[in-house]
Amino acid sequence: KKSFSSGLTAMEKKLAEYKCNTNEAIQLKLVRFPEDLEDDNTTFNPEYSHQVFGDDEVAFGYKGLKILLYYIAGNLSTLFRIEYTSKVNEKFDCVEADDVESKIREIIPPGFCTNTDDFVSLLEKEVNFKPFGMLLHTYSVHNEEAGEDITYQIYKADMTCPGFREYHERLQTFLMWFIETASFIDVDDERWNYFLVFEKYNKDGATLFATVGYMTVYNYYVYPDKTRPRVSQMLILPPFQGEGHGAQLLETVHRYYMSSPTVLDITAEDPSENYVKLRDFVLVKLCQDLLCFS
C-alpha cells in the first residue's frame, strides 16, 4: 500500500512540473520596430485567460511554455508561435499535453504568421496602413519619456470600410485577455458602430498609426423615432492605459451621439466598476458645459 501511494506522489510531482499558468505563458506585443521583438519591455500579459484555457488558467503538458502573440502596431497582422523547453510524451508518461495551438486558433483569425522573418517583412509594409472611417477628434498627450507631445486621433468606422472587417477580427481577440466576460459580436448587424483610437508616430521620416483601443456601440431602436446607443465593449490596450485615452474616447463618443437629434440617451451593457468611474468623470466634465451648472 505505502510504496504504491508514494509512487503516485512522485508521478504527481513530475506532472505538476508540466503545468503552466497561461496568464504568464501568453506574451503579447504591439510591434513598431524590428527591435521590439527582442525587447522584453514591450511585452505584456493577459489579465484573464479563463475563457480560452478554463477557470484554472493552466495549460498542462509543457515546461517553459511561451505562447507568443505579436501584433504589428497598426493593422494588427499577427505572429503566433508556441515555444517550450520540454513536453510530456504519451509513450512514457501515459498523458497527453493540452492542444494549446488549437485553443488559440479558435480565437485568432486565420492568415497569421508563424515565423519571425515573414512578420518582419510585413512590418515594412506598415507604412501603408491608415486608420479606418471618419476622423472625429484629435488630441495630444505630453509624454515625459519622449519629452514631446504625442498626437492621437479617434475615428468612427463601419464594415463598409475596406479591410476593416478583417482588422476588427484581429482587434477583438484582445477582449478575451482583458475583459472578464468578453464575447465576439455579430458584425453583420448594421446597428453596430465602431470607434477607434490611434496614435501617430514617426518611423524613418514617415508618419505611421498605431492602434490604441476601441469601443463598440449598438444602436437600439426606441419607439417611435429615436435610438438608444448602448456601449458594449471598450478596451484601451495595456501599453496605453492610464494616459487618459478612455476618457477621450468616451467623451468623443458622447459628443458624437449628442449631436444627433434622434439619440435619446446613451447606456452601457453590464458596465465594469472602472467603466462606471470613467463615465462619471466624463459626464461631470460634460455637465460643466451646461448653463445650469455654470
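## Rings, a pocket and an annotated glutamate

Tryptophan 192 comes out as buried, because its relative accessible area is 11% and the cut-off for buried is under 20%. Keep in mind that this is a predicted model, so everything below is read off computed coordinates.

**Aromatic pairs**

Searching the whole structure turns up 20 aromatic pairs. Take tyrosine 155 and phenylalanine 198: they form an edge-to-face pair, with 5.9 Å centre to centre and 75° between the planes. Tyrosine 155 belongs to strand S10 (residues 148-157) and phenylalanine 198 to strand S11 (residues 192-203), so this pair ties together parts that are 43 residues apart in sequence.

**Charges over rings**

| Charged residue | Ring | Distance to ring centre |
|---|---|---|
| Lysine 29 | Tyrosine 70 | 5.4 Å |
| Arginine 32 | Tyrosine 201 | 4.4 Å |

For arginine 32, it is the charged end that sits over the ring, while lysine 29 lies over the face of tyrosine 70.

**Lysine 156**

Is lysine 156 buried or exposed? Buried, because its relative accessible area is 14%, and the label applies to anything under 20%. This lysine is found in strand S10, the strand that also holds tyrosine 155. Leaving out residues up to four places away in sequence, lysine 156 touches Phe132, Gly133, Met134, Leu136, Asn193, Tyr194, Phe195 and Tyr256. The C-alpha atoms of lysine 156 and tyrosine 214 are separated by 9.7 Å, although the two residues are 58 residues apart along the chain.

**The largest pocket**

Rolling a probe the size of a water molecule over the atoms shows where empty space is left. The largest pocket has a volume of about 1000 Å³. It is lined by 32 residues, and the closest to its centre are Ile179, Met234, Ser272, Asn274 and Tyr275. Which elements supply at least two lining residues each? Strand S13 (226-236), helix H9 (245-258) and H10 all do, with S13 giving the most, six residues.

**Glutamate 269**

An unreviewed UniProt entry carries the annotation "active site" on Glu269; such annotations may be inferred rather than shown by experiment. In the model, glutamate 269 lies in the loop between strand S14 (267-268) and helix H10 (273-287), and H10 is one of the elements that contribute to the pocket lining. Glutamate 269 counts as partly exposed because its relative accessibility is 33%. Not counting residues up to four places away in sequence, its contacts are Arg230, Val231 and Ser232.

Conventions: Residues are numbered from 1 along each chain as its sequence is written. This is a predicted model: local features need pLDDT of at least 70, side-chain atom pairs count only at pLDDT 80 or more; totals for chains, interfaces and linings use all residues. Side-chain values use heavy atoms; hydrogens and water are left out. Helices (H or I, at least four residues) and strands (E, at least two) are DSSP runs, numbered from the N terminus. Buried means under 20% relative accessible area, exposed over 50%, partly exposed in between (1.4 Å probe, protein chains only). Contact means heavy atoms within 4.5 Å. Rings of Phe, Tyr and Trp (its six-membered ring) pair if their centres lie within 6.5 Å; planes under 30 degrees apart count as stacked, over 60 as edge-to-face and the rest as tilted. A charge sits over a ring if NZ of Lys or CZ of Arg is within 6 Å of the ring centre and within 35 degrees of the ring normal. On a 1 Å grid over the protein atoms alone, a cavity is a set of points where a 1.4 Å probe fits but cannot get out, and a pocket is an open set with protein on both sides within 12 Å along at least five of seven lines; lining residues have an atom within 4 Å of a point. Grid points are joined across faces, edges and corners, and a volume is the space filled by probe spheres set on the points.
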